[in-house]
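Q: Can we go through this model together? I'd like to start with how the elements are named, then look at the details.

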Amino acid sequence: MPLHILKLCVGAESISDLEQWIAERQAQRRARGEPAEQLHTTRMVPKRVEEIVTGGSLYWVIKGQVSARQRLIDIRPFTDGEGIGRCHLVMEPVVVPVEPRPFRPFQGWRYLQDKDAPRDIDERSGDLGIMPEQMRRELAELGLL
């Protein structure tokens, strides 16, 4: 069973903000002649890498709710220019909305078991799939989703 990572998406107001940020970063990387990978740098290196990269995703908490996920492709530890150990989380650039779920603020990241991960919102999600993100967010805050 895959293992996931849960992380705050600091500064994003919505899933579309996250998608726009990804597009901008990929354009910058292409302009520099670098591969158009989507990387997120974090200080700590997950210990359970094999469980994560075999089907795991990074679940984003946006404005206090687990809102979206991206499939993790690789985890690359490295040492930065100041000698500090860090790691790149390499993800597919596709953002998948998930059923919103409240989550309190935290530092760093958390592991998320597959059985506890929110379900994707897709064409099989009925009205939830066509509902605007802000409406899903408000209904989840009211405990109606």
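A: Helices (H or I, at least four residues) and strands (E, at least two) are DSSP runs, numbered from the N terminus. The model is predicted.

Q: What share of the contacts join residues at least 24 apart?
A: That share is 65%, taken among contacts between residues at least 6 apart in sequence.

Q: Let's go to strand 3. Which residues point which way?
A: S57, Y59 and V61 point one way, while L58, W60 and I62 point the other way. In a regular strand, side chains alternate between the two faces of the sheet.

Q: Buried or exposed, those six?
A: Six of the six residues of strand 3, residues 57–62, are buried, so the strand is largely enclosed by the rest of the structure.

Q: Which strands does it pair with?
A: Strand 1 pairs with strand 3 in the parallel sense, over four bridges. Strand 4, residues 65–79, pairs with strand 3 in the antiparallel sense, over six bridges.

Q: Where are some of the bridge partners?
A: K7 has W60 in strand 3 as its bridge partner. I62 is partnered by Q65 in strand 4.

Q: What sits between strand 3 and strand 4?
A: The two strands form a hairpin with two residues between them, and K63 there takes a positive phi near 50 degrees. K63 is not a glycine, yet has that positive phi of about 50 degrees.

Q: What does the side chain of K63 make a polar contact with?
A: With the side chain of E13, at 3.1 Å.

Q: What about E13 and I62?
A: Their C-alpha atoms are separated by 6.5 Å, with the two residues 49 apart along the chain. E13 counts as partly exposed, at 46% relative accessibility.

Q: Switching to strand 1. What is the relative accessibility of I5?
A: It is 0%, so I5 counts as buried. I5 lies in strand 1.

Q: Which residues does I5 touch?
A: Not counting residues up to four places away in sequence, I5 touches P46, I52, S57, L58, Y59, L72, L89, W109 and R110. P46 is 41 residues from I5 in sequence, and their C-alpha atoms are 8.9 Å apart.

Q: Now strand 2. How many of its residues are buried?
A: Four of the five, residues 38–42 being the strand, so strand 2 is largely enclosed by the rest of the structure.

Q: How does it run relative to strand 5?
A: Strand 2 and strand 5, residues 85–91, run antiparallel and are joined by five bridges. L39 stands opposite V90 in strand 5.

Q: Is Q38 buried or exposed?
A: Q38 is buried, with a relative accessible area of 3%. Q38 is found in strand 2.

Q: What is Q38 in contact with?
A: Leaving aside neighbours within four places in sequence, Q38 is in contact with W21, I22, Q26, Q70, L89, V90, M91, E92 and P93. With Q70 there is a polar contact between the two side chains, at 2.3 Å.

Q: Last topic, pockets. What volume does the largest pocket have?
A: About 230 Å³.

Q: Which residues line it?
A: The lining is K7, L8, C9, V10, G11, A12, D17, L18, W21, H40, W60 and G108. Strand 1 (3–8) and helix 1 (15–31) are the elements that give two or more residues to that lining. Helix 1 gives the most, with three residues.

Q: And what is the lining by class?
A: Seven nonpolar residues, three polar and two charged.

Methods:
Residues are numbered from 1 along each chain as its sequence is written. This is a predicted model: local features need pLDDT of at least 70, side-chain atom pairs count only at pLDDT 80 or more; totals for chains, interfaces and linings use all residues. Side-chain values use heavy atoms; hydrogens and water are left out. On a 1 Å grid over the protein atoms alone, a cavity is a set of points where a 1.4 Å probe fits but cannot get out, and a pocket is an open set with protein on both sides within 12 Å along at least five of seven lines; lining residues have an atom within 4 Å of a point. Grid points are joined across faces, edges and corners, and a volume is the space filled by probe spheres set on the points. Ala, Val, Leu, Ile, Met, Phe, Trp, Tyr, Cys and Pro count as nonpolar, Asp, Glu, Lys and Arg as charged, and the others, Gly among them, as polar. Buried means under 20% relative accessible area, exposed over 50%, partly exposed in between (1.4 Å probe, protein chains only). A polar contact is a pair of N or O atoms within 3.5 Å; within protein, one must be able to donate a hydrogen and the other to accept it, and residues adjacent in sequence count only if both atoms are side-chain atoms. Two strands pair if DSSP finds at least two bridges between them. Contact means heavy atoms within 4.5 Å.
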